[in-house]
Amino acid sequence: MSKPTLTTLAILMQVVRRDLLLALRRRAEIANPLLFFLMVCMLLPLGIGPEPQQLAALAPGMLWIIALLACLLASDSLFRSDFDDGSLEQMLLSPSAMYLLTLAKSVAHWLVTGLPLALIAPVLALLLQLPAIAMPALTFSLLLGTAVLSLVGAIGAALTVGLRRGGLLLSLIVLPLYVPVLIFGASAVQAAAEGYLYQGQLAALGALLALALPLAPFAVASAVRISIDN
Amino acid sequence: MSCERDDALLFAPVSFTLAGGDIVQLEGANGVGKTSLLRAIGGLSSRLCGELFWRGAPLSRQRAEFAAATVYLGHAIGLKVALSARENLQWWAALRGIDARAAIAPALDRVGLIGYEDSPCYQLSAGQQRRVSLARLFLSAAILWILDEPFTAIDRNGVAELESWLAAHADAGGAVLLTTHQQLSLPHALRRVALQPERLREMSTHE
């Protein structure tokens, strides 16, 4: 009884495809972080005051902080439903390496949270009077940065998925690890807004991503094992 | 072997072997640790006191081979209700590296769900969802089936069908380890392993 087999890449594609399909069927969950991003960007000028110069001075840091909190909001749900309905058990029980499966899940998660966030950020940045010259820096720093946030967020999500109320703990675990991303991301946008080169900061974000991409799934895979083994 | 919880053994140590052609039913009262034992054997839990061997060698050193040769269906059936039966099974087969596109329709036919391949699982009843999860048995070539309460929510005809699948699997040289409170009437020999509660004996008194 031999069965047609799949290559490792095809397995990863199937796992990503399934998570994207799920996201498509449950659009409200995807829209949540984006809606949060939109609402805060709309409320800020009302709270701080509409003076363009004041807003423009705050915009780089504010945009990055909002994006980071939106990612934090989204990361809690990464393993939640798979844990509740037993899918996560089936992933652990399969002969596929948990490393690859969690990597695929993080990639799918970034495709439905970080990517749209980075793409709509320039539109929302207009609300905060960010100079047009800083838009490319904003998009590119968010593209790289949110990928790191998704990978690191997955570690926290995997560690806390077994707890009934893991939300606060997740923030405490993950926020310190988010700080370097925030520093380099916000500083890239700040530099671009003032007319300086920002490639250095992007390179630092790229380095963080190059570090997180191979290492974070190891931590996630172990954390999932611990959470299931209770 | 036995399982521990909060530093106490759940049940009096048992030892059994499973060979091709065997159907073994774990018996015991609620809470005695049947599921805990199955989870430990499946590799989901580390709360096992004792040793597991697979084909003569310690199981812990060959988890991947064991996983490829085993289908484990637990209490939580691992279906996404937003996805259709076909999408759920395709994902599950992909986890095991199987290209199941051609095999899914026949598998769903065998569990009596022909015509439901593409409806989202939230439209299916609990019993039908359980049948979708049982269709996995026909997608993989696993020789060991570990089934935790597989008869939950299954109707009377379904119970008889599942019993015949178990017997056919064992006749073909496979092995089945299951828990159930159903009175099984299998057309195949059945071995029972009873788990007895281990009351309040601390681990330390064993050492």
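**Helix packing in chain A**

The axes of α8(A) and helix α10 (residues 199–228) of chain A come within 8 Å and cross at roughly 20°. Here, axes are lines fitted to C-alpha atoms, for helices over the stretch in contact, and angles run from 0 to 180 degrees between N-to-C directions. Helices (H or I, at least four residues) and strands (E, at least two) are DSSP runs, numbered from the N terminus. The crossing angle makes α8(A) roughly parallel to α10(A); angles under 35 degrees count as roughly parallel, over 145 as roughly antiparallel, 65 to 115 as roughly perpendicular and the rest as oblique.

α8(A) passes α10(A) in a left-handed crossing. A crossing is left-handed if the near helix is turned anticlockwise from the far one by less than a right angle, and right-handed if clockwise. The residues of this contact between α8(A) and α10(A) divide into 21 nonpolar, five polar and no charged. Ala, Val, Leu, Ile, Met, Phe, Trp, Tyr, Cys and Pro count as nonpolar, Asp, Glu, Lys and Arg as charged, and the others, Gly among them, as polar.

A word on the model itself: this is a predicted model, where local features need pLDDT of at least 70, side-chain atom pairs count only at pLDDT 80 or more, and totals for chains, interfaces and linings use all residues. Residues are numbered from 1 along each chain as its sequence is written, while chains are lettered from A and ligands numbered from 1 in the order in which they are written.

Now for another pair. Helix α2 (residues 27–48) of chain A packs against helix α7 (residues 114–127) of chain A at an angle of about 15°, with the axes 10 Å apart. That makes α2(A) roughly parallel to α7(A), and their crossing is right-handed. Among the residues that meet are F37(A) in α2(A) and L117(A) in α7(A); two residues are in contact if their C-beta atoms, placed from the backbone, lie within 7 Å. The residues of this contact of α2(A) with α7(A) divide into 12 nonpolar, no polar and no charged.

F37(A) and L117(A) are also among the residues that A67(A) touches, not counting residues up to four places away in sequence. A67(A) is one of the residues with the most contacts inside the largest nonpolar core, which has 125 residues. Such a core is a set of buried (20 or more other C-beta atoms within 10 Å; exposed is 12 or fewer, partly exposed in between) Ala, Val, Leu, Ile, Met, Phe, Trp, Tyr and Cys residues joined through C-beta atoms within 7 Å. The largest share of this core, 15 residues, comes from helix α8 (residues 135–160) of chain A.
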